[in-house]
Amino acid sequence: MSITLFSRRTAVALAFAVASGCLQAQTAPPRAVAAYAGPLFDAHLHYNEEAQPHYSVGSAFELFRKNGVAAILANSRPNDGSRALYEAWQKNPAVGVQVVPFIRVYRNRADYGTWQDNREIHAMIVEEEKRGFYRGVGEFHAHGRAADTPVVKDIVDFAVAKGLVLHAHSDDEAIEILFRHNPKARVIWAHTGFGLSLDRVEEMLRKYPALWGELSYRSGVADASTLSAEWKSLFTRHPTRFLLGSDTWVNERWASYPSIMGGYRRLLGELPRDVAERVAWRNAAEIFTLKAPAR
């Protein structure tokens, strides 16, 4: 969504107030069902400038390994954070966590509400892509008609031309606009519309085969103790269309990383194993051609 930091926090608060979603289950007591024990792909990892004084690159990788996270989608404000994680992995693959770097559209907080009409952002993305290792563009916020600008269209077209995936924090109207800009776009839908109805989510998945829903902050996925029947059915009908994410947009999310990932593992344990493996790892592995983690 094209929103300020304040409105993002408001959206988050509303998501928790309406239904705390999959994250509420993180504080639930252990259930009889066995938690999923396989590898995880974190499809929404920010290593923003605020986190870096508190979490060194080395300690970040240690945190990922301890939680069975075999790969991360890194997108950070500014892009220095993502580059630091990617370069550390390239220098020492033995860290055991693959890094899929995305180009963030924000150089600073001021860009959040203005990037959609800022030609400098498009130029920055074009220049940053020349480094040759990025796999996508985003996370970016575009809500409703705010996505319908020449700058956004040029970014979408550039991403398609370079084989980059888009990572959009958007409502369904803006997602529709992104695909209208270029039907060949591939989009990870951050938060899968927050509280959007499941009927509309499924309609979007059927309409756009190259759309994947990322589940951080998504309300209704679980209650205090179990995966909801509606979401379990949706995952089973569309096992190839969902990804997990931590959304470490503030340092508190880094501090709660073990409980976030532990919550996902408990919920995945309620799914058929093949569906759980897809949501946890295989969907992302196929999108980004990742290597299978060492056993």
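**Chatting through the strands, rings and pocket**

Q: Phenylalanine 64 and tyrosine 257: buried or exposed?
A: Both phenylalanine 64 and tyrosine 257 are buried. Keep in mind that this is a predicted model.

Q: OK, what kind of ring pair do phenylalanine 64 and tyrosine 257 make?
A: A tilted one, because the planes sit at 55 degrees, with the ring centres 5.8 Å apart. The pair links distant parts of the chain: phenylalanine 64 belongs to helix 3 and tyrosine 257 to helix 11 (residues 257-268), 193 residues apart.

Q: How buried is phenylalanine 64, in numbers?
A: Its relative accessible area is 0%. Buried here means under 20%.

Q: What about phenylalanine 61, buried or exposed?
A: Phenylalanine 61 has 3% relative accessibility, so it counts as buried.

Q: How many aromatic pairs are there in the structure?
A: There are 17. One of them is phenylalanine 61 with phenylalanine 64, an edge-to-face pair at 6.0 Å centre to centre and 85 degrees between the planes.

Q: Where do phenylalanine 61 and phenylalanine 64 sit in helix 3?
A: They are three residues apart in helix 3 (residues 57-66), so about one helical turn separates them.

Q: And which residues do ring pairs link into a cluster?
A: The cluster is made up of Tyr47, Tyr55, Phe61, Phe64, Trp254 and Tyr257.

Q: Switching to the strands. Why call strand 5 largely enclosed?
A: Because six of the six residues of strand 5 (residues 165-170) are buried.

Q: Which residues are on each side of strand 5?
A: Val165, His167 and His169 are on one side, and Leu166, Ala168 and Ser170 are on the other. Every one of these is buried, so both faces are covered. As a general point, side chains in a regular strand alternate between the two faces of the sheet.

Q: How does strand 5 pair with strand 4?
A: Strand 4 (residues 136-142) runs parallel to strand 5, and the two share six bridges. Within that pairing, phenylalanine 140 has alanine 168 as its bridge partner. The chain gets from strand 4 to strand 5 by way of helix 6 (residues 150-162), in a right-handed β-α-β crossover.

Q: And how does strand 5 pair with strand 6?
A: Also in the parallel sense, over three bridges, with strand 6 covering residues 187-189. Here alanine 168 stands opposite tryptophan 189. The path from strand 5 to strand 6 goes through helix 7 (residues 172-181), and this β-α-β crossover is right-handed.

Q: Back to strand 4: how many of its residues are buried?
A: Seven of the seven, so strand 4 is largely enclosed by the rest of the structure.

Q: What does strand 3 do with strand 4?
A: Strand 3 (residues 98-103) pairs with strand 4 in the parallel sense over two bridges. Isoleucine 103 stands opposite valine 137 of strand 4. Valine 137 also stands opposite leucine 166 in strand 5.

Q: Last topic, the largest pocket. How much space is in there?
A: About 210 Å³.

Q: Which residues line the largest pocket?
A: The lining is Ala70, Trp89, Pro93, Gly96, Val97, Gln98, Thr289, Leu290, Lys291, Ala292, Pro293 and Ala294.

Q: How does the lining of the largest pocket split by class?
A: Eight residues are nonpolar, three are polar and one is charged.

How values were computed. Residues numbered from 1 in each chain as written. Predicted model: local features only at pLDDT ≥ 70, side-chain atom pairs only at ≥ 80, totals over all residues. Heavy atoms only, no water. 1 Å grid on protein atoms, 1.4 Å probe; cavity = no way out; pocket = protein on both sides within 12 Å on 5 of 7 lines; lining within 4 Å. Points joined across faces, edges and corners; volume = space filled by probe spheres on them. Nonpolar A, V, L, I, M, F, W, Y, C, P; charged D, E, K, R; others polar. Buried < 20%, exposed > 50% of the residue type's maximum accessible area, 1.4 Å probe, protein only. Helix = DSSP H or I, 4+ residues; strand = E, 2+ residues; numbered from the N terminus. Pairing = 2+ DSSP bridges. Right-handed = clockwise from strand over helix to strand, strands pointing away. Phe/Tyr/Trp six-rings, centres within 6.5 Å; stacked < 30°, edge-to-face > 60°.
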